[in-house]
Amino acid sequence: MGRLFLEYLEGKVYACSTCGSHLASATELVSKSFHSKNGKAYLFNLVVNVCQGPKEERLMTTGLHHVADLQCTNCKQLVGWKYEQAFEKTQKYKEGKCILERTRLDDCFCSHPTLSDSECEDTCMLP
């Protein structure tokens, strides 16, 4: 088995609730208005430290989509999915974007080791 390399993000980040691996930067957050079967979910432009499963058709509340499940690279926990293709015109904006389930994420935190909490609030504001 090879050595595992994880990407570390700076600023406000969302991390895996199981192992703490960085998954997404708050600057990549598109919307907090999504839902999964486990509750709230967030839409991101870009996520890191995830493995993508096979593509499958899934009928969701917004219509039919081709999606691929996403697992944390480090601990293999299912953390969300990636929209590969949307079949309805109004849903095309989701293509290539990723959903992370809120229950699978640690609260947003600052990864700048040299900043105090108040300095981080000033520097790394959440959108």
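Predicted model: local features only at pLDDT ≥ 70, side-chain atom pairs only at ≥ 80, totals over all residues.
By the rule applied here, a Lys or Arg side-chain nitrogen must come within 4 Å of a carboxyl oxygen of Asp or Glu. The count under that rule is four salt bridges.

Start at Arg58. This residue makes a salt bridge with Glu56, and the closest N and O atoms of the pair are 2.7 Å apart. Glu56 has a relative accessibility of 36% and so counts as partly exposed, because that class covers values between 20% and 50%.

Arg58 also meets the side chain of Asp69 in a salt bridge, with an N to O distance of 2.9 Å. Where do Asp69 and Arg58 lie? Arg58 belongs to strand S5 (residues 50-60), while Asp69 belongs to strand S6 (residues 63-72), so their contact ties together parts that are eleven residues apart in sequence. Asp69, at 27% relative accessibility, counts as partly exposed. Taken together, Glu56, Arg58 and Asp69 are linked in a network of salt bridges.

Now turn to Glu101 and Arg104. Their side chains meet in a salt bridge with an N to O distance of 3.8 Å. Is Glu101 buried or exposed? Glu101 is buried, since its relative accessible area is 5% and buried means under 20%. Arg104, its partner in this salt bridge, has a relative accessible area of 22% and is therefore partly exposed.

Technical notes:
Residues numbered from 1 in each chain as written. Heavy atoms only, no water. Buried < 20%, exposed > 50% of the residue type's maximum accessible area, 1.4 Å probe, protein only. Helix = DSSP H or I, 4+ residues; strand = E, 2+ residues; numbered from the N terminus.
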